[in-house]
Structures are given as structure tokens and as C-alpha cells.
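Biologist: I'm new to this one. Could you walk me through how the chains meet?

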Number of protein chains: 2
Amino acid sequence: MNDIDQIIETLRGKQFRITPQRELIIRALADVDEDDHLTAEEIHKRVQVHTSAVNIATVYRTLDMLVEEGLVSRIDLGGDKEVFATVHHGMHMHLVCRQCGHVLDADAQILRDVGQYLFSEYEFVADLEHISLFGICANCQQ
Amino acid sequence: MNDIDQIIETLRGKQFRITPQRELIIRALADVDEDDHLTAEEIHKRVQVHTSAVNIATVYRTLDMLVEEGLVSRIDLGGDKEVFATVHHGMHMHLVCRQCGHVLDADAQILRDVGQYLFSEYEFVADLEHISLFGICANCQQ
DNA sequence: TTCGTAATTGCGAATAATTGCAACTACATT
DNA sequence: AATGTAGTTGCAATTATTCGCAATTACGAA
Ligand SMILES: [Mn+2]
Ligand SMILES: [Mn+2]
Ligand SMILES: [Zn+2]
Ligand SMILES: [Zn+2]
């Protein structure tokens, strides 16, 4: 079963209805390159290649739902840029420079300890597959 | 020297001009209780108690500047709620449930290792004093 | 199949946040 | 103290996102 069907099956299991709009949005998200992300606006554009009949409000609502269900991750790449990706976008984190905005991908294995700690101490299951951390990049430290 | 003067001195050292607007905004931010945060809108309201002559755009721009300079932290408390606090708001993290929106404060000592790793491996100085992590809270796990 | 109904969508309006630009002002220099 | 100027602000316009609600539709039950 591919990534798209996987997501759709999960949604069915949770009694969500599979509308053409949702299918197109999920497909757009899953069809990007492994290490790519899309903004809500970009997803909307890609969906409209197939049919102009998907409203931008529906894109926003569907993305909120997919994030809430844990099927898609919402990533803050600094101030204005918010992007989305499915779980097939492998585990890593984004180091975002708060000065120049540069984004560097980094290994996220070190977060495993954090996840275990948060669960054992607070019974909280943290999403650590794909997060952003802010700070100052090597360049901006002079 | 108190928190407010500290911030103002730092700004002066970086050639930023100290306008009445900026002073009021910094004061509003620093005058909250130790464990409190304010939204941009709330800061605007508090500033207007003193004078109605501060535009909301100036509040947004000043906050962006303070965050960029590392003097204030911007915290995402889930989707719509973004709050700000100065550094006197002690080190901890926010565990935000993506299902019910509940926010739990947690110890952040465990992030020290993460910070060291990111610096040694990527020369990135991460801001880990005050971050949010998303996931599922104990309650929403059934 | 057809039907009933709650979930979902589209649309337009409301709200939040950002931006361009002319006017203003903090502050270094004289 | 007066001046010059680059940094900052206010305002209005723009853009991004959310919301209310009536119309539509997915899908379980008949
Ligand atoms: Mn990524
Ligand atoms: Mn806090
Ligand atoms: Zn940088
Ligand atoms: Zn919860």
C-alpha cells in the first residue's frame, strides 16, 4: 500500500469522509520529492491543475485536520513560511536562523532521548520526526 | 540593572533607536508575571493604556525585531495562538496537544544535550530556553 | 438502489498580519 | 543648540487566514 492509500485508509477508520477535494490535497502532498515541503498556497495551486473546483478555505481546513490527526506535519520555517509534508518525508529537523532565515537540515536522532523523557515524565507523546528549532547559524555568529 | 534597561542597553549597543513606542512595548513585555506570556494584540492593548499613539503595525514590527535580536522569544501555542516573553521568563518548554490544544509546562534541562550536539555538529546556536513541542497529551491518548 | 442525515464544502464576509511609502524623529555631528 | 540623515512610524492598502452559514454530498442503512 502506498503513502496516499495509507492516509486515506486511516481517515476512513476514523470516520472521516473521503471527498475528491481531500484526495487531491493528500495526493499533492504525497507526490513531492522526499525532501520537499509545500505551503498551503502551493498545495492549492497543484490541486487546481486537476480541477479548479477546490476552494482555498478547504485546503486550509483539510491541512488542519490532517495535522490534528498526526498524518501530516506542519513546519514553521520562520515567521511567514509555514510548510507541510507527510510522514514519508523522513525524520530530521530544521535549524532555522532567526537572523538571516537560512534553513539547515539536521539529524534528529538525538531527539529520541527527549521523546522518551517526555513520555516517562509527563505521559506526553511528542512529535519529533520533523520539527524546527530556531537560533543563530554559523555564518551569522560572525 | 533591571530587565527593561538591560534590553534597551543591548539595543543601543546595536545602533537601534530607542523610541517611546519601543520602550512601551518592552515595558509591557517585561512587566508580566514570571510565568506569563502575551500575544501581540495584548501587548498593543497594554501599551494603549499609557498612550493611544502606538500603531499595531509597530507592535508587530518591534516584536519581530526583538525576536530577531534574541531579546524576546516567540512561542507557538498551537495554530492561532502566538505569544511573546522576555528572557526573565525562565527556562522551560511547552508541550502542546495537537488534538485538544492543552498546554503543559515541562522541564527543559534535557535540551542541553541537544544544544551541545547541534553546536558541535552544525555550529548552530539553538534557542532552547523556551520552546514548544507538539504531540498528544496523556488525556487524548484515551 | 434509493434515502436520510451528518459531515463537508464553497462562498462571501470578517479578521489578522504584512507591506509600501511619505512623514517624522532619535541621535550623531557640528 | 541647531542641523542632517538614516532609522522608524503611521496610515492605508494588500494579502493571508478564518469563520458563519446555506447548499451539497459521502456513505451507512433500508
Ligand atoms: Mn523537512
Ligand atoms: Mn512559557
Ligand atoms: Zn544566519
Ligand atoms: Zn490533548
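Modeller: Happy to. One term to begin with: buried area is the accessible area, taken with a 1.4 Å probe, that two parts lose on being put together, summed over both. And keep in mind that this is a predicted model.

Biologist: Got it. What is the area buried between chain B and chain A?

Modeller: Let's start from the residues: 36 of chain B are in contact with 36 of chain A. In chain B, the residues that lose the most area are B:R98, B:Y122 and B:F124, together giving 22% of what that side buries. Carbon and sulfur atoms give 64% of the buried area, and the total comes to about 3000 Å².

Biologist: Which element gives the largest share of the side of chain B that touches chain A?

Modeller: Across the interface, 16 residue pairs are in polar contact. On chain B's side, the elements that each supply at least two residues include α4 (56–68), β3 (92–97) and β6 (130–136). By class, that side has 24 nonpolar, four polar and eight charged residues. The largest share, seven residues, comes from α5(B).

Biologist: What about strands? Which residue in β6(B) is the bridge partner of A:V125?

Modeller: Strand β5 of chain A, residues 125–126, pairs with β6(B) in the antiparallel sense, over two bridges. A:V125 sits in that pairing, and its bridge partner is B:I136.

Biologist: How are the two copies related?

Modeller: Superposing chain B on chain A takes a rotation of 180° with 0.0 Å of shift along its axis, at an RMSD of 0.1 Å. The two copies are thus related as by a two-fold rotation axis.

Biologist: And why do the copies meet through the same surface?

Modeller: Compare the interface residues of the two chains. The copies meet through the same surface because the share of chain B's interface residues that are also interface residues in chain A is 100%.

Biologist: One last thing: what is phi of B:E123?

Modeller: B:E123 is in the loop between α5 and β5 of chain B, and A:E123 is in the loop between α5 and β5 of chain A. A:E123 has a phi near 55°. For B:E123, a residue other than glycine, phi is positive, near 55°.

Conventions. Residues numbered from 1 in each chain as written. Chains lettered and ligands numbered in written order. Predicted model: local features only at pLDDT ≥ 70, side-chain atom pairs only at ≥ 80, totals over all residues. Heavy atoms only, no water. Contact = heavy atoms within 4.5 Å. Polar contact = N/O pair within 3.5 Å; in protein donor to acceptor, adjacent residues only side chain to side chain. Helix = DSSP H or I, 4+ residues; strand = E, 2+ residues; numbered from the N terminus. Nonpolar A, V, L, I, M, F, W, Y, C, P; charged D, E, K, R; others polar. Pairing = 2+ DSSP bridges. Least-squares fit on C-alpha atoms with pLDDT ≥ 70 in both.
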